[in-house]
Each structure stands twice: as C-alpha cells, then as structure tokens.
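Trainee: Could we go through the terms used for this model and set each value against its definition?

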Amino acid sequence: MNKTRIAVAGAGYIGQAHIGAAVGSSTCALSAIVDPSPAAKAIAEQANVPLYATLDELFEKDKPDGVVLATPNQLHVAHAMQALEAQVPMLLEKPIAATVAEAEVLVRAGEGAGVPILIGHHRAHSPIMAKARQVVDSGVLGRLVAVTGTAMFVKPDHYFVDAPWRREIGAGPILLNMIHEVHNLRMLCGDIVAVQAFKSHATRAFPVEDTVAINLRFESGALGTFMLSDAAASARSWEQTSQENKAYPTYEDEDCYLVAGTNGSLAIPTMRLKTYPRDEDRSWWKPFEAGVVGMVRDDPIKHQMEHFGAVARGAVAPLVSARDGLKNLRITEAIITAATSGTVVELPRD
C-alpha cells in the first residue's frame with residue numbers, strides 16, 4: 001500500500017508532535033510542512049520535506065491526501081475553510097474554533113462540502129480510554145450513577161511571565177485545559193446536558209480564574225463533579241497519571257477519574273475495578289470483588305495519526321467529528337457562563 005501523504009500546517013509544539021507521528025507512521029508519510037516562521041525551515045530540513053509559507057501554496061503546488069491544521073486557535077476556521085475549498089480531509093486541532101458561533105459555521109460548511117474533518121482531541125485515541133469505555137459499555141458497573149474527575153496541577157510562575165496574555169480573561173484553565181476533560185467525560189458517561197460552576201482567582205489574584213469547581217448532569221441522569229486548578233500542587237491530572245506524555249513525571253498510584261454505577265466502580269487510569277458479585281444483594285457492609293483491568297499504555301498522538309490516515313483514505317469516519325468538537329466547545333463555554341453568572345446552564349440537545 002502506498003503511504004497516505006500528510007502535510008502539517010503549524011510547526012509549533014503540537015505541530016511537531018504530529019510531524020513526528022507522521023514520520024514514524026507505517027501507513028502515513030509526511031509530505032510537507034506549512035509555516036511562515038523562520039524556525040520552521042530547520043524543522044522541514046530535518047524532516048527532509050518541502051516547506052510552504054501558506055496553505056494556498058501547498059494546495060497549489062503539492063496537494064496532499066490530508067492536512068493537519070495545528071495553527072493558532074483564532075486561525076482554525078479560516079484554515080479549515082481553505083482545506084474544504086481544496087477538498088482535502090483535515091485533522092483540525094482542538095478547539096474546533098475560537099467561538100461556538102464560528103464552530104457552527106464550520107460544521108455546516110464541512111457537512112455541505114462532504115470533506116472529512118477529524119478534531120484533534122487526541123485522548124480519544126488513548127488505549128487507556130478505549131479500555132475504560134469498553135468496561136463502562138460492558139455493563140459490569142451497572143447503571144451509571146456518578147463520575148468524579150480532577151485536573152489539579154501547578155503551572156509555574158514563568159508560564160505567566162513568558163506570555164502575560166495567560167493571566168487575562170480569554171485564557172485560564174477552563175478554556176485551555178477543561179476542553180480535554182469534557183471530551184473524556186463524554187466518552188465515558190455520554191452527553192452533558194447541564195452545568196454549574198464556581199470559579200476563584202484567590203491564589204494568584206490574576207483577572208483569570210485559577211481554580212474551578214464544576215457540577216455536571218448527563219443525559220442518562222448520572223451526575224458528575226470536576227475539580228480544576230492550575231494552582232494546586234497535586235498529581236491528579238491526566239498528564240501526571242496516564243504515563244502517555246513522557247514530558248511529565250507520573251505517579252502510578254494516582255487516578256483522575258472515578259466512574260461509579262449501581263454495581264461497581266472503575267478508577268482511571270490505574271484501572272482498579274471494584275464490583276459486587278452477580279446476583280447478590282449489594283450493600284456497603286458487603287465486600288467488593290476487586291481487581292485491575294488489563295490494558296496497554298501507548299502514545300495517543302501516534303494512534304490518532306494512523307486513524308487520520310484511514311480517514312483521509314475514506315476507509316473510516318472520524319472518531320471525533322466536527323459535531324463532537326462543537327459539543328465540547330459548547331460545554332466549555334457553558335462552564336464559563338455558569339461560573340460567571342452563578343446559574344445552571346442547560347445545553348442544547350441535538
């Protein structure tokens with residue numbers, strides 16, 4: 001099989017991760033890099049591929065089978081529209097757009113053009129998440145009742161000194177971090193239909209929040225809580241527990257999600273499973289059967305690239321569609337609204 005030719009637009013941190021995944025792929029090949037910055041020249045030379053300054057130049061001179069759009073958030077929609085016009089399937093990094101209104105326009109345009117759009121919520125391709133979802137879907141936990149989640153970690157002082165915009169409204173952990181968690185929670189527990197939230201900036205006193213407490217209601221009737229902070233010295237975040245991103249120290253005894261049903265619970269990512277024996281009365285006075293679900297740990301960016309190659313070839317539909325990206329952004333914006341207004345925010349049901 002000829003390898004699927006993938007171009008990557010944006011040679012920043014996440015773009016370089018996609019470049020590495022394409023170079024190391026067994027089914028895809030890196031065909032070009034698109035980035036006007038001087039630093040991109042060395043990256044393209046090292047990868048031994050052409051460098052183009054714009055998407056228009058790429059599509060005119062060296063049209064690929066698919067393109068990864070790892071460009072700044074505010075350019076996502078404009079660049080996606082260019083790919084739609086060129087009829088090139090795309091892997092569009094999250095968030096799908098800077099605003100819900102822009103995302104709605106893109107979703108309609110993508111469906112009208114018939115061009116596949118895979119949104120880059122890379123944790124959807126995590127083998128850990130795939131196994132966790134398999135356990136939940138198997139029914140071994142019973143009917144879902146509740147989920148608790150945490151993303152608590154410390155961003156260092158220089159993170160805000162290096163880029164002062166991160167202190168201001170428009171940044172903060174809700175917009176920058178929570179959208180990852182939203183998709184994980186949707187994969188595990190189904191669609192979110194309402195949110196409540198409290199936010200605080202008491203630790204750093206920046207205009208933007210540093211800590212958020214969130215309540216969630218799922219379409220199934222299950223309820224959830226989530227604690228989010230980029231100022232809390234804790235190891236209970238996906239990066240520090242999943243062992244998927246080697247840039248972070250990890251702690252094998254920590255979890256960041258607990259999914260509980262009427263018959264048992266699953267802690268993620270340690271995959272510790274506690275269930276009551278079948279056909280027995282359930283009670284907190286009776287012991288659980290306890291064990292650990294077997295699974296593998298692997299780089300989800302790598303799996304995402306293999307999946308995108310299949311999407312570009314027309315072999316499969318996107319695992320994370322543009323409509324999924326829109327839902328994730330709606331929920332994230334709803335959390336901001338709820339935290340600001342102090343009200344319950346209901347989400348539209350498709």
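**Cavity, pocket and helix packing**

Mentor: The volume of the largest cavity is about 30 Å³, where a volume is the space filled by probe spheres set on grid points joined across faces, edges and corners. This is a predicted model, in which local features need pLDDT of at least 70, side-chain atom pairs count only at pLDDT 80 or more, and totals for chains, interfaces and linings use all residues. Residues are numbered from 1 along each chain as its sequence is written, and side-chain values use heavy atoms, with hydrogens and water left out.

Trainee: What makes a set of points a cavity or a pocket, and which residues line the largest cavity?

Mentor: On a 1 Å grid over the protein atoms alone, a cavity is a set of points where a 1.4 Å probe fits but cannot get out, whereas a pocket is an open set with protein on both sides within 12 Å along at least five of seven lines; lining residues have an atom within 4 Å of a point. By that criterion, the largest cavity is lined by F160, R204, F206, V208, E209, D210 and D230.

Trainee: How is the lining of the largest cavity divided by class?

Mentor: Three of its residues are nonpolar, none polar and four charged, given that Ala, Val, Leu, Ile, Met, Phe, Trp, Tyr, Cys and Pro count as nonpolar, Asp, Glu, Lys and Arg as charged, and the others, Gly among them, as polar.

Trainee: Which residues lie nearest the centre of the second largest pocket?

Mentor: They are A124, R133, H183, M187 and L319, out of 13 lining residues, and α6 (127-138) and α8 (172-189) are the elements that give two or more residues to this lining. Helices are DSSP runs (H or I, at least four residues), numbered from the N terminus, as are strands (E, at least two). The space in the second largest pocket is about 230 Å³, and its lining has six nonpolar, three polar and four charged residues.

Trainee: Why are α5 and α11 called roughly antiparallel?

Mentor: Helix α5 (residues 100-113) and helix α11 (residues 322-341) pack at about 170°, with axes 10 Å apart. Axes are lines fitted to C-alpha atoms, for helices over the stretch in contact, and angles run from 0 to 180 degrees between N-to-C directions. Angles over 145 degrees count as roughly antiparallel, under 35 as roughly parallel, 65 to 115 as roughly perpendicular and the rest as oblique, and α5 and α11 are therefore roughly antiparallel to each other.
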